[in-house]
Amino acid sequence: MSRAHRLLDLIQVLRQHRRPIAGAVLAEDLGVSLRTVYRDIESLRAQGADIAGEAGLGYMLRPGFLLPPLMFSEEEIEALVLGSRWVSERADGMLGVAARNVLAKIGAVLPDDLKANIDASGLLIGPGEPIAARDGDLVAIRQAIRSEHKLQIGYADEHDRPTDRMIWPIALAFYDRVRVLVAWCELRGGYRHFRIDRIRTIRSDAARYPDRRARLLKAWHALQGVPEQ
């Protein structure tokens with residue numbers, strides 16, 4: 001393994017932990033000596049990585065550090081291209097534009113030999129059936145999820161029976177043909193799943209919901225038995 005890839009792997013391991021991780025654990029995960037871990041941490045610090053901790057106490061990477069973007073493998077570039085192409089074709093318009101911008105920004109800073117892999121990628125997204133979801137609704141929902149704000153929606157069930165709901169949106173699931181909003185419903189007093197194509201009206205509420213989205217989502221994962229992504 002090259003030193004560059006070893007440093008990248010070390011950053012990735014540190015990012016996976018929100019609490020300090022012992023040097024010995026890092027060494028075992030990376031398959032290197034403890035001395036190498038100590039040396040690599042100092043190298044990353046010299047490059048600007050804000051790594052807290054010291055030998056015997058453990059290490060933790062504080063947010064905000066990005067390695068130079070040349071450290072992508074061919075498989076990682078293909079994953080980025082495929083994912084960005086899917087989003088640009090199958091998500092709402094704003095996310096589609098964002099996905100294309102991401103690829104352009106990555107391509108602008110990659111070395112020439114890796115940059116060519118973006119344009120020449122043979123991984124394509126095939127055509128799919130139209131998705132019954134209005135772009136404006138998806139944008140409003142994504143904004144409410146990010147800001148942890150309530151949504152007032154008019155919803156029709158599978159029998160087209162209308163109800164008015166005040167919900168706490170926590171996640172948006174992208175299926176092949178439908179989009180589904182995961183939310184806590186004040187009317188039902190529990191988690192509910194709302195198909196976006198059945199939402200008749202939607203209005204953002206000024207109030208934040210009274211719990212953190214991360215905790216609500218974690219509880220939903222446990223209740224549904226769905227592995228966390």
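Let me start with Ser121, which sits in the loop between helix H6 (112–119) and helix H7 (135–147), where helices are DSSP runs of H or I with at least four residues and strands are runs of E with at least two, numbered from the N terminus. Please keep in mind that this is a predicted model, in which local features need pLDDT of at least 70 and side-chain atom pairs count only at pLDDT 80 or more, while totals for chains, interfaces and linings use all residues. Residues are numbered from 1 along each chain as its sequence is written, and side-chain values use heavy atoms, with hydrogens and water left out.

Is Ser121 buried or exposed? Ser121 counts as buried because its relative accessibility is 10%, and buried means under 20% relative accessible area, exposed over 50% and partly exposed in between, with a 1.4 Å probe and protein chains only. Setting aside neighbours within four places in sequence, Ser121 is in contact with Val81 and Arg85, contact meaning heavy atoms within 4.5 Å. The C-alpha atoms of Ser121 and Leu82 are separated by 8.6 Å, although these residues are 39 residues apart along the chain.

Now to another pair of helices: the axes of H1 (residues 3–15) and H3 (residues 34–46) come within 10 Å and cross at roughly 85°, the axes being lines fitted to C-alpha atoms over the stretch in contact, with angles from 0 to 180 degrees between N-to-C directions. H1 and H3 are therefore roughly perpendicular to each other, a label for angles of 65 to 115 degrees, whereas under 35 is roughly parallel, over 145 roughly antiparallel and the rest oblique. On the H1 side the contact is made by Arg3, Arg6, Leu7, Leu10 and Ile11, and on the H3 side by Thr36, Asp40, Ile41, Ser43 and Leu44.

Leu10, Ile41 and Leu44 are also among the residues with the most contacts inside the largest nonpolar core, which has 16 residues; such a core is a set of buried Ala, Val, Leu, Ile, Met, Phe, Trp, Tyr and Cys residues joined through side-chain atoms within 4.5 Å. H1 gives the most to this core, with five residues. A second, separate core has 15 residues, including Ile153 and Leu172.
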